[in-house]
Amino acid sequence: MTTPGWYLRRLSAMGPAEVAGRVTDVVRKRRWRRIAEHPPAPALLPERRFRAPLPHGALDDVSDDARQRLLATADRLLDGHAEFFGVERDDLVHPDWSFDPKTGRRAPADVYAFDVPYRDEAAIGDIKQIWEPSRHQHLTVLAAAYALTGEFRYAERVADHLKSWWAAHPPLRGVHWVSGIELGIRLISWVWLRRLLDGWSGAAELFEHNDVALQQIWHHQRWLAAFPSRGSSANNHAVAESAGQLAASCAFDWFAESATWRARAAHALDQHLRANTFDSGLNRELATEYHGLVLELGLAAAIEADAAEVTLPATTWPVLLRMTDALAAIVDVHLHPPRQGDADDGHGLVLDGETSTRWASLLATGSVLFGRLGWWPEVARGDVRTAALTALARGVTSPRAAQQATPPRPLGTIRPADRPDHVADAGLTLLRTRAHETPELWCRCDAGPHGFLAIAAHAHADALSVEVRHDGVDVLADPGTYCYHGEPAWRAYFRSTLGHNTLRLDRTDQSTSGGPFLWTRHARSRVLRADTHGDVARWQGEHDGYARGRRRRHRATHRRAVTLDRTTRTLTLEDAVEAARPHRCELAFHLGPTIDVDLADHTARLRWSPSATSATRATTHTATLELPPELVWTDTRGEDAPPLGWYSPGFGRKEPATTLLGIGGVGGTSQTAPTTFTTVLTFHD
């Protein structure tokens, strides 16, 4: 990733202001090296109190189920057990904060932070495995367990881990002082640790009366003020940095710089939330998990400011409202959103047990803060995070009391009167059955921008791809992400055109990758038609990924039309390719991991069991997939070299799933009409 060629490609994605800013960063890092051996002490204000504990009875609305799940997870953590990205750990009673259990490697701890080659897995291990426990979100789970039960054992373990981490990672030493998003999220965790432990007699001695804690909190904020993500990197990282800075400067306003940091962070958070969000409310990275992360971060920071009676810019809360409404619009019947783009299972604030879902929690929080619209899906309240967050918001008494359809604060935002099915600015269209028709058919069609900013870091080469679900079960699935660093072949596959339900020409991706988080050429897509009403819903889109940057006779255009007949429960895809010369063509359909398939010639018969949360009484569902006979079809499951036939249910995890791959040719000098392939998926309910 850090070869000279990569640096050149990365530099070409920057503008002059970003280059100048990064030069300033390099100079500052060299200067800070000289003071890392003896970090400066913070200038403390004379009065240091924690002013925003949870109100009395804040967690009274937590459901019995959420309580049980939280305590089960907390007790497992007390025993030293946790899972991070598919790797089980049993060493969390006394953790080694620099150890990667996946590779067995250990990052250097007593090294100047900016000398650590954190992208080099051969040198330090899998950086995600090392960083994740140091976000201290397992500690917020323990602290939430203390807040619910009053049992000191949870609070004492939190204190032990914080003291251990602070001792092992003094300012500017080791791998945990390299990335701003890690510092920002860690600060949010520390704010909530102090809040949730407020009834414990040792809370003040652990934080505001602890010189080591004060130094850590101050240096985290000083770091964030000095090294902001900028330019082509100002994506979710910039939101996390400003959210962490704002939360800490509101809750830990104990330093001479707190007021300045708070004002700058409030402005930066507003700026980055607006820049990262379409007018529709969807995140511009078009990676759904990052929509969730940014919304969690924004809510946590904005509510922290609310609790501190800090006035935010007038545009901050409306962005969060639009993001919440957009989320409510795109989820399926089981509250699962699209699996679009990168996903690394990152969270902004964790207060619930392992089996909780972020999407239901975000919608529950949104229903309290903003009011639930009539077209929103039904969401059961009662999760710990919703109760805790909304208890701090001014104007909200309790989730149980917040049944009104209007928000508790005026936001000046016009909200959708009906559920949106077509999100024009994001190029996302949902063809789905009507709300009263069960089981639900849900189809996402993609003809949006390739990604966000010049590098489109979390984009996949997935133009015109589709996802199809039946009652929440992945039938035609987006395979997911699986990994970032250390396994380049797998990283390339899961973000490739072949790794999505779309068409590839000449074994070439629609967009050109310059590295695992860098695209140097972006396919441009556009929606040609989106009619989501009536008995038959229709969509059409095209992209220029095989037309740009090529000689005229080598160019090709791919168009796709999708039709959902709600009466016959049939989905029809028509892929058309216009090309002046012959091209090798591959059309892929990735089935969900629970789908069994029998492929005979160009007919695939599918069957699967309902999801565990399904309301249907059927024991087995079936569908028929009629594939284009012009192509030669094979089914592949769990192949490693090259990768094909995989599904990643979460970061760091993958499991075999069937991929149907059709291979043939398109185009030619005598061709007067585009080559068209028709695929028909019929559900037998």
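At what angle do helix α8 and helix α11 pack, and how far apart are their axes? This tour of a predicted model starts there; residues are numbered from 1 along each chain as its sequence is written, local features need pLDDT of at least 70, side-chain atom pairs count only at pLDDT 80 or more, and totals for chains, interfaces and linings use all residues. Side-chain values use heavy atoms, with hydrogens and water left out.

**First stop: two helices**

Select residues 180-196 (α8) and residues 236-251 (α11): the two helices pack at an angle of about 35°, with their axes 7 Å apart. Helices are DSSP runs of H or I with at least four residues, strands are runs of E with at least two, and both are numbered from the N terminus. Axes are lines fitted to C-alpha atoms, for helices over the stretch in contact, and angles run from 0 to 180 degrees between N-to-C directions. The crossing of α8 and α11 is left-handed (the near helix is turned anticlockwise from the far one by less than a right angle).

Next, display the side chains of the contact (heavy atoms within 4.5 Å). Among the residues making it are Ile181, Ile185 and Ile188 of α8, and Ala240, Ala243 and Ala247 of α11. By class, the contact has 10 nonpolar, 5 polar and 1 charged residues; Ala, Val, Leu, Ile, Met, Phe, Trp, Tyr, Cys and Pro count as nonpolar, Asp, Glu, Lys and Arg as charged, and the others, Gly among them, as polar.

**Second stop: an open sheet**

Move to the sheet of 4 strands, ordered β8-β15-β24-β19 with antiparallel pairing (two strands pair if DSSP finds at least two bridges between them). Select β8 (503-505) and β19 (632-637) at the edges: each has a single partner strand, so one side of each lacks a neighbour in the sheet. From one strand to the next, the twist averages 25°.

Finally, select Asp446, Pro449, His450, His460 and Asp462, the closest to the centre of the largest cavity among its 17 lining residues. A cavity is a set of points on a 1 Å grid over the protein atoms alone where a 1.4 Å probe fits but cannot get out, and lining residues have an atom within 4 Å of a point. This largest cavity holds about 110 Å³ of space, and its lining has 6 nonpolar, 8 polar and 3 charged residues.

Conventions:
On a 1 Å grid over the protein atoms alone, a cavity is a set of points where a 1.4 Å probe fits but cannot get out, and a pocket is an open set with protein on both sides within 12 Å along at least five of seven lines; lining residues have an atom within 4 Å of a point. Grid points are joined across faces, edges and corners, and a volume is the space filled by probe spheres set on the points.
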